Amino acid sequence: MRININDLAFGTYYTALEDYRERGFTREQTVRLAFITLLETLSRKAGWTLALEHRLANGKIPDGTLFDEFRIPRGYWEAKDEDDDLETEIARKIALKYPTTNIVFEDSRRAVLYQNGKRVMEADLSQKHELAAALTLFFTWTEADIENFETAVVEFKDRIPDLAQGLMKQIEAERAGGNKQFTRAFGEFHDLCRSALNPTITAGAIEEMLVQHLLTERLFRTVFQNPDFTRRNVIASEIERVIGALTSRSFNRQDFLGKLDYFYVAIEEAARGLEGFGDKQGFLNTVYERFFQGFSVKQADTHGIVYTPQEIVDFMCASVDEVLKEEFGKSLSDEGVVILDPCVGTGNFIVNILNRIHGPDLARKYRDELFCNEIMLLPYYIASLNIEHAYYERTGEYAPFEGICFTDTLDLGKTQPTLDFSAANSARVLRQEQARVIVLIGNPPYNVGQQNENDNNKNRKYPGIEARIRETYVKESHATNTRALGDPYVKFFRWAKDRLQGRDGVVCFVSNNSFADEIAFDGMRAHMERDFTSIWHVDLHGNVRKNPKISGTSHNVFGIQVGVGITVAVKNSAAEGMRIRYHRVPEDWRRTEKLAYLAHAGDIRGVDWTDVTPDDHHTWRTEGLHDEFAAFPSMGDKAVKSGQDNTTNTLFRLYSRGAETTRDSWMYDFDARRLAEKAERMCGVYNAEVDRWRREGGKGVDVDNFVLSDERVIKWSSRLKECLTQGTYAGFEPGHVRRALYRPFTRQALYFDPVMTHRQGLWPRIYPNAASDDQNRSIGITDLGSEKPFMVMVFDRIADLHLVGAGASTQSFPFYTYDEDGTNRRENITDWALAEYRSRYGPDVTKWDIFHYLYGILHSPAYRETFAQNLKRELPRIPYVANADLFTAFRAAGAALCELHLDYESLEPWPLNKVDDKDVPFTWRVEKMALSKDKDAIQVNKSLRLTGVPEDCFRYRLGNRSALDWVIDQYQVKADKRTGIVSDPNRPDDPEYIVRLVGQVIRVSVETVKIVESLPAPTTL
């Protein structure tokens, strides 16, 4: 398209520009309107569409993005002020990763054009012919061939969201535009997917499946030189039928994909240089991972898209072969050793096993005794190709691998038959279910579900396997919070043992390794001790949440945040007794070192194992645990709290987890009036959604896809969705605005409501109203299995679940409990405890004395260091001291600490030096405070600096931070990224509050350290 300088659009542009200048307008937001009009006119002639401020896949927002008819971005435009230095602004945008494939930068005087990453032209915009030449280049640009494979793959990943969106638009247009053939084929395929894969699968997910196929099918044919791929593969052929209907009317598949030749050609050329199939396999795995990183982040998160490193696959397959020999006198090649990978991914485990099978056994094994499942389309395709080619390389003959099923493993075993994609796939599923499997191996999904309910990205529910977990792992657990048992990998362990159907066999998984030592999995460990006769576990570490000093990308074998382990579990009915062997690699090892270790070990024979003897609580890792801890009385007991046990002696009857909102930016605020406005606004939106649900929702409607998922107006949780489906309204109540402790020494207002608060815990019986805040006191501690160090703090109001941040829950033990209407106040320390302490320390001991004694003991460094590991596994047990004098010393210390920690706002602040900058207008307002590098000063704002911070104050720590660090972290102006809600701790009626608070918390910290250091020596405990 050649642009003519006599085009009317040019005259309109220059006239508008001159008019703006005559009126003194030079700012970008005004002047750019002239260029917008010019671009829109020329775009229509080119068949493109101009979208203003469209957010790109990398998060950048150019002033304009121009899309072609397939909604593929073809060019970008960025406007600047005449007052800006255009060259500086261009350099800044390029540094921020703005695309330079085809972009015009202009400031109404000068334009600079970048194409294919290079500066190709500058234009003086006062000269019509220069502007016309630049825009001609801009609108006629095509992407250059990409010579470097890695660059091609990276750019493919970056462009996939836009490419996919373009295809989605085409699919939606055909569905909405009366393409009856496609609509019918799409509906039939959707029904098959609901029946065979997931009863709640959405039409959007089906569209994504079609997009995946369209964007990658060419690579499967060309890279693997398999032109018959879409005919031979039973699922690909079914999807091709739907796509055939899609293209039956107007959408041209070749035209759309032809625009991507520069990507495909680069990738295909790179693949042609790979000689061995193993190299091609690794190559396509790389493309596959990059595809999912760019295309479907939600799918990757839900299903745990992780390519298993070859060293891990080798170690696991070799280890299974070894235990088969040692335990049963068999090998992977033997007849009757039926093998199943329930989550095959790209097929690496089955390929590895195929290469270990003896030649004479290969055809039988391939035909009859190897099975695998996959639920996602791309890995299913790749696995099919990988496995079939591995067999071809071993035998020189092609044979379809009929052991692979496109199905959801955790949904197998239903009594009612279901529809399936094809008769061939259905027959495969039936044959697999009838097979007498004795080896289960693979890499199950590892995540624990969505972190944000508005993402509507939950792991699927599986009533059958979840019931099995409840009646086994959960039932036997002593943990308060067993949510982690909903993790998909836990489901696969439970399913795998059940899939053995009572037979002897082997389960070998690489997975999240939390089950090996966290308290929530004590019931799971108990059952594994009974279900298997031998267990080997290699702990590969990599839990970034527990150890922030390491990096998931460099220290974790999968590049993820959670720890990873390899488990080999054997059931051998002929074995005598049960044996557990455990090995931990060094925590600071990097990924490469861990993989090298596995490669060197070869299999379980090469590992230096430690024999594990579980304790009565089914703890496998008992190092650091002290047996005498069990002899002390516990602060609380789950059965006593629930009323199921009246015989166990505890110090408190009732205790509660912290309040959990799941929508903190909405439900907390430093200002009660701002909080009330937010809460009332969200209640209104929620109630409108209830009305809409009553009109449009109901049976058969998926609530996750029904609700308004805009966190700027409403933040969902699973509990709030339950209330919605029940038709429960949320009437705003001013009395539900309560005082709360959000973080250490951070008091905020909380909207505490049975609908809007996700989990209220037992707080309605602890602080039922404002009056109870003045009466009651509670001791809060970090809950079992916390990722943070043990913490204790007293409070006189509702406390947040994550008092010391994410990764640590809080349990609270109140002095009083009430009925929910605030009446019937009663002491929560048991009469048994009072009698015990009076018998030891005298008849004058009161329950308040016991409360303060407990607070003193829980601060004792000797107690916390000695029983550090015990405190991770069960609620604190409190030792008796030798005599009444020691009891009095701990009681007095506890009382003094309570007073300090509760009444800190009335203390005289620590004397800090206030140094103000005379060149800056003075203000008390805080945006974000900062500690100096040597931690002896605090920069409050540009005008004020506090010096003389004592070193001792940092020794008083709550979780991973000192008390002062918490105040500096919390008392800043923050804008929540998802909601846009601004949290502002400044008090217009008391502008000095934050600076005064800093001094008060420093005094609290110094005085706390003095009291703690005065506590009796360790030998007295």
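User: What share of the contacts with a separation of 6 or more is between residues 24 or more positions apart?
Analyst: The share is 71%. Keep in mind that this is a predicted model.

User: OK. How many helices and strands does the chain have?
Analyst: It has 36 helices and 33 strands.

User: And how much of the chain is buried?
Analyst: Of its 1021 residues, 57% count as buried.

User: How do strands 17 and 19 run, parallel or antiparallel?
Analyst: Antiparallel, with two bridges joining strand 17 to strand 19 (residues 746-751). Asp669 has Ala749 in strand 19 as its bridge partner.

User: New topic: aromatics. How many aromatic pairs are there?
Analyst: The count comes to 48 aromatic pairs. One of them is Trp589 with Tyr597, a tilted pair. Their centres are 5.8 Å apart, with 55 degrees between the planes.

User: Are those two buried or exposed?
Analyst: Tyr597 is buried at 17% relative accessible area. Trp589 counts as partly exposed, at 23%.

User: What about Phe629 and Phe867, how do their rings sit?
Analyst: Their centres are 5.2 Å apart and the planes are at 45 degrees, so this pair is tilted. Phe629 is in the loop between strand 15 (610-612) and helix 24 (638-642). Phe867 is in the loop between helix 32 (861-866) and helix 33 (868-873). The pair therefore ties together parts 238 residues apart in sequence. Phe629 and Phe867 are both buried.

User: Which residues do ring pairs link into a cluster?
Analyst: Tyr489, Phe493, Phe509, Phe515, Phe521 and Trp620.

User: Where do the charged ends of arginines sit over rings?
Analyst: Arg743 lies over the face of Tyr742, 4.0 Å from the ring centre. The charged end of Arg825 sits over the ring of Tyr816, at 3.9 Å from its centre.

User: Last one. Where is Asn828?
Analyst: Asn828 is in the loop between strand 25 (826-827) and helix 30 (831-841). Asn828 is buried, with a relative accessible area of 2%. Beyond four places away in sequence, Asn828 touches residues including Leu651, Arg653, Pro814 and Tyr816. That is the Tyr816 whose ring has Arg825 over it.

How values were computed: Residues are numbered from 1 along each chain as its sequence is written. This is a predicted model: local features need pLDDT of at least 70, side-chain atom pairs count only at pLDDT 80 or more; totals for chains, interfaces and linings use all residues. Side-chain values use heavy atoms; hydrogens and water are left out. Two strands pair if DSSP finds at least two bridges between them. Helices (H or I, at least four residues) and strands (E, at least two) are DSSP runs, numbered from the N terminus. Buried means under 20% relative accessible area, exposed over 50%, partly exposed in between (1.4 Å probe, protein chains only). Contact means heavy atoms within 4.5 Å. Rings of Phe, Tyr and Trp (its six-membered ring) pair if their centres lie within 6.5 Å; planes under 30 degrees apart count as stacked, over 60 as edge-to-face and the rest as tilted. A charge sits over a ring if NZ of Lys or CZ of Arg is within 6 Å of the ring centre and within 35 degrees of the ring normal.
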